[in-house]
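My notes follow in the order in which I took them.

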Amino acid sequence: MSADSKYLAQIGLVNPKSPTNVGGIMRAAGCYQADAVLYTGKRYELAARNGNAQYNTDTKRAGQHIPLQAVESLLAAKADDVKLVCVDLVVGAISLPEFVHPDKALYVFGPEDGTIGQEIIDRADAVVYVPTVGCMNLAASVNVLLYDRLAKLGCLDANDELIKRSRDTNNRVKVKS
């Protein structure tokens, strides 16, 4: 997906605290074709500066071609033609299996130890939750949401060539024919 295509997927993070999670989110952004990751707050930058490797979980180095950008406000950073979709365990939210993804969306996720603020929820075009027993890790939630988006929008040309491009270099296993 790219900004000049019909589809646009951006991830917005509200004050994330963990470089490990942000790295995992960058890896998910690369795997599932997100266009950018935006974040607010200072905790992530402080944690990354204090010795934690910024992309220690971004093993595919998605951060080299997908922007990771600090912003003052996710609401102000959203373009007018992009829908605001909050993803959190919020009473009254739409279950992800029932949700129809917009072509262009900024998906906002709350921090690992909190939730999305009411002022952002109130401005959302949709509020979605991933049905689980308990809450998932932030990076895991982003993975599930982005996979669901690609699967429902049909943006992946799934075939053996995709498997060959995507798998680890040590994987040469084939299904017995």
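**Pocket.** I began with the second largest pocket, which is lined by 18 residues, and found that Asp 88, Leu 89, Cys 135, Met 136 and Ser 141 lie nearest its centre. The elements giving two or more residues to this lining are strand 7 (126-129) and helix 5. The space in the second largest pocket is about 310 Å³. I took a pocket as an open set of points on a 1 Å grid over the protein atoms alone, where a 1.4 Å probe fits, with protein on both sides within 12 Å along at least five of seven lines, and lining residues as those with an atom within 4 Å of a point. The volume is the space filled by probe spheres set on the points, which are joined across faces, edges and corners.

**Basis.** I noted that this is a predicted model, in which local features need pLDDT of at least 70 and side-chain atom pairs count only at pLDDT 80 or more, while totals for chains, interfaces and linings use all residues. Residues are numbered from 1 along each chain as its sequence is written, and side-chain values use heavy atoms, with hydrogens and water left out.

**Whole chain.** I recorded six helices and seven strands, in the order β-α-β-α-β-α-β-β-β-α-β-α-α along the sequence; helices (H or I, at least four residues) and strands (E, at least two) are DSSP runs numbered from the N terminus. Of the 177 residues, 41% count as buried, where buried means under 20% relative accessible area, exposed over 50% and partly exposed in between (1.4 Å probe, protein chains only). Among contacts (heavy atoms within 4.5 Å) between residues at least 6 apart in sequence, 81% join residues at least 24 apart.

**Helix 5.** I next followed helix 5 (residues 138-153), whose 16 residues reach 23 Å from first C-alpha to last, close to the expected 22 Å; the expected span is 1.5 Å times one less than the number of residues. Its buried residues include Leu 138, Ser 141, Leu 145 and Arg 149, and the buried residues of helix 5 pack against strand 1, helix 1, strand 4 (83-87) and strand 6 (104-109). At the start of helix 5, a side-chain oxygen of Asn 137 comes to within 2.8 Å of the backbone nitrogen of Ala 139, and just after the helix Gly 154 has a positive phi of about 65°.

**Helix 1.** The 13 residues of helix 1 should span 18 Å at 1.5 Å a residue, and this agrees with the 18 Å between its end C-alpha atoms. Ser 18 caps its N-terminal end, with a side-chain oxygen 3.2 Å from the backbone nitrogen of Thr 20. The buried residues of helix 1 pack against strand 1, strand 2, helix 2 (43-49), strand 3 (68-70) and helix 5.

**Positive phi.** Which value does the phi of Gln 33 take? I read it as near 65°, positive in a residue other than glycine, and Gln 33 sits in the loop between helix 1 and strand 2 (36-39). Asn 15, in the loop between strand 1 (8-13) and helix 1 (19-31), also has a positive phi, near 45°. Asn 15 counts as partly exposed because its relative accessibility is 25%.

**Leu 74.** Lastly I checked Leu 74 in helix 3 (residues 74-77), which counts as buried because its relative accessibility is 4%. Beyond its neighbours within four places in sequence, Leu 74 is in contact with residues including Gly 12, Leu 38 and Val 108.

Methods:
Polar contact = N/O pair within 3.5 Å; in protein donor to acceptor, adjacent residues only side chain to side chain.
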